[in-house]
Amino acid sequence: MTRPLLALTLGDPNGIGPEVVLKAARDDRVREAARVVAVGSATVLADQAERLGLGPVHAVQDPAVAAPPGALAVLDTGGPGAGGAAYAWGETTAAGGAQAMAAVARACDLCLGGLGAGGPEAGGAVDGMVTAPLSKEAIHLAGYDFPGHTEFLQAWTGAETVVMVLASETERGPLRVALVTIHVPISAVPRLVTRGRIADVCRTLAAALRRDLGVETPRLAVLGLNPHAGDGGVIGGEEAATIRPALGALRADGLDVAGPFPADAFFGRAAWSRFDAVVAMYHDQGLAPFKAIAQGAGVNVTLGLPIVRTSPDHGTAFDLAGRGGPQGGGADPGSMVEAVLLAAQMARRRMGG
Ligand SMILES: [Zn+2]
């Protein structure tokens with residue numbers, strides 16, 4: 001089996017990102033499925049590895065260069081700046097935001113140089129990226145005007161449509177939830193739920209399910225926006241005016257899309273298990289039930305990018321940072337491990353292996 005080379009960005013150095021990267025890189029399932037290289041500040045990672053008893057790390061210039069046995073390779077993207085503190089566990093700082101974003105930009109560039117160029121053998125690039133969590137507040141302090149990774153990577157790669165999907169393997173099969181609107185105020189949701197956006201999301205989702213996840217004929221379920229999916233127009237008109245026409249056009253194009261379904265009953269009765277993915281109209285409509293079902297084993301994947309990108313579905317957990325050690329404790333790397341395994345699976349499909 002071909003083991004793809006994946007870049008693991010460290011995220012905000014003041015959170016649990018570096019710790020879950022260090023732990024995930026040592027996981028047996030990860031080692032079987034992929035080769036990994038950390039991307040971020042080598043100084044910070046080496047220091048945290050030592051303090052947490054999760055070392056050693058080995059700085060490399062070329063991501064394809066393997067570290068000595070037992071060590072994790074890290075591609076240094078600089079930081080901390082001269083005179084600046086390297087990191088401060090639990091704090092929201094501009095330096096932390098800047099470090100996190102430098103790593104994401106570098107990893108994305110490595111991916112863009114890799115896919116289609118023959119992978120790591122041609123040009124020392126990587127086959128996909130897995131991003132540890134960053135702090136939206138910290139990247140704001142560092143001068144970045146993005147709500148998160150997804151939006152930054154869309155701008156950086158020039159992707160027309162990106163779809164944020166949360167995925168988890170459950171006893172009833174894979175649960176995948178895609179979002180029509182992502183990080184926007186709830187008051188903005190109704191005007192952003194347009195026929196065009198719903199169609200773009202469903203098309204991007206279906207194409208990515210085929211290409212990256214091996215689902216040949218994707219069946220999609222689409223949720224309504226209003227309670228009871230509008231109840232025949234009594235509780236809101238978006239279903240009749242926008243969602244139904246969008247689904248009609250998609251069906252005419254041969255896409256298997258069902259709905260709009262009332263969102264409340266949809267998850268409780270496990271109706272989702274009859275579909276390959278569920279399309280939710282807004283963040284909490286999809287993610288609240290998802291997180292209740294996935295129980296921390298969820299993975300975030302961005303579809304529609306030219307590159308493979310996944311991430312754990314937790315945040316920086318500033319309150320937990322720095323608590324772990326060689327005897328255990330600290331941050332649970334479970335979601336990071338799942339994110340690496342999913343990225344490896346997607347990258348292998350793109351590599352044709
Ligand atoms: Zn979110």
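In which helix is Thr157 found? The points below take up this residue and other features of the structure, which is a predicted model.

1. Thr157 belongs to helix 6, which spans residues 149-157. Its relative accessible area is 18%, and because the limit for a buried residue is under 20%, Thr157 counts as buried. A polar atom of the Thr157 side chain lies 2.7 Å from the backbone oxygen of Leu153. Beyond the residues up to four places away in sequence, Thr157 touches Cys108, Leu112, Leu305 and Pro306.

2. The largest nonpolar core. This core holds 68 residues, and the members touching the most others are Leu72, Ile198, Cys202, Leu205 and Leu220. Helix 12 (residues 334-351) supplies the largest share, 10 residues. Domain 1 (1-159 + 306-353) and domain 2 (161-304) each contribute at least three residues to this core. As for Cys202, its contacts, with residues up to four places away in sequence not counted, are Leu220, Val222, Leu250, Leu255, Val257 and Val279. There is also a second, separate core of 27 residues, including Val39, Val60, Cys108 and Val126. Cys108 of this second core is also one of the residues touched by Thr157.

3. The zinc site. Which protein donors does the zinc ion have? They are the NE2 atoms of His183 and His283, at 2.2 to 2.3 Å from the ion. The two histidines are 100 residues apart and link distant parts of the chain: His183 sits in the loop between strand 7 (173-179) and helix 7 (189-192), whereas His283 is in helix 11 (residues 283-294). His183 is partly exposed, with a relative accessible area of 34%. His283 is likewise in the partly exposed class, at 23% relative accessibility.

4. Asp276. This residue is placed in the loop between helix 10 (263-268) and strand 10 (277-280). Despite its loop position, Asp276 is buried, with a relative accessible area of 12%. A polar atom of its side chain lies 2.8 Å from the backbone nitrogen of Arg219. Apart from neighbours within four places in sequence, Asp276 is in contact with Arg176, Leu209, Val215, Thr217, Pro218 and Arg219.

5. Strand 2 and its partners. Is strand 2 (residues 35-40) mostly covered or mostly uncovered? Strand 2 is mostly covered, with 5 of its 6 residues buried. Strand 1 (residues 5-9) runs parallel to strand 2 and is joined to it by 5 bridges. Strand 4 (residues 72-76) also pairs with strand 2 in the parallel sense, over 3 bridges. Ala38 of strand 2 stands opposite Leu8, and its bridge partner in strand 4 is Val74.

6. Helix 1 and Gln48. Helix 1 (residues 17-25) has 9 of its 9 residues buried, so this helix is largely enclosed by the rest of the structure. Among the buried residues of helix 1 are Pro18, Glu19 and Lys23. Gln48, in helix 3 (residues 42-52), is buried at 0% relative accessibility. With residues up to four places away in sequence left out, Gln48 touches Pro13, Pro18, Glu19, Tyr87 and Trp89. Gln48 and Thr204 are separated by 156 residues in sequence and by 39 Å in space, C-alpha to C-alpha.

7. Backbone geometry. Most residues other than glycine have a negative phi, and most peptide bonds are trans. Gly55 and Pro56 are joined by a cis peptide bond with omega of about -5 degrees, and Pro56 lies in the loop between helix 3 and strand 3 (57-60). The peptide bond from Gly259 to Pro260 is also cis, with omega near 0 degrees; Pro260 is placed in strand 9 (residues 256-261).

8. Positive phi values. His228, which is not a glycine, has a positive phi of about 55 degrees. His228 is found in the loop between strand 8 (219-223) and helix 9 (238-252) and is partly exposed, at 42% relative accessibility. Ala317 likewise has a positive phi, near 45 degrees. Ala317 is in the loop between strand 12 (309-312) and helix 12, and at 24% relative accessibility Ala317 counts as partly exposed.

Key
Residues numbered from 1 in each chain as written. Predicted model: local features only at pLDDT ≥ 70, side-chain atom pairs only at ≥ 80, totals over all residues. Heavy atoms only, no water. Core = buried A, V, L, I, M, F, W, Y, C linked by side-chain atoms within 4.5 Å. Buried < 20%, exposed > 50% of the residue type's maximum accessible area, 1.4 Å probe, protein only. Helix = DSSP H or I, 4+ residues; strand = E, 2+ residues; numbered from the N terminus. Domains from an automatic or database assignment. Contact = heavy atoms within 4.5 Å. Donors = N, O, S within 2.8 Å, 3.2 Å for Na, K, Ca; no water. Polar contact = N/O pair within 3.5 Å; in protein donor to acceptor, adjacent residues only side chain to side chain. Pairing = 2+ DSSP bridges.
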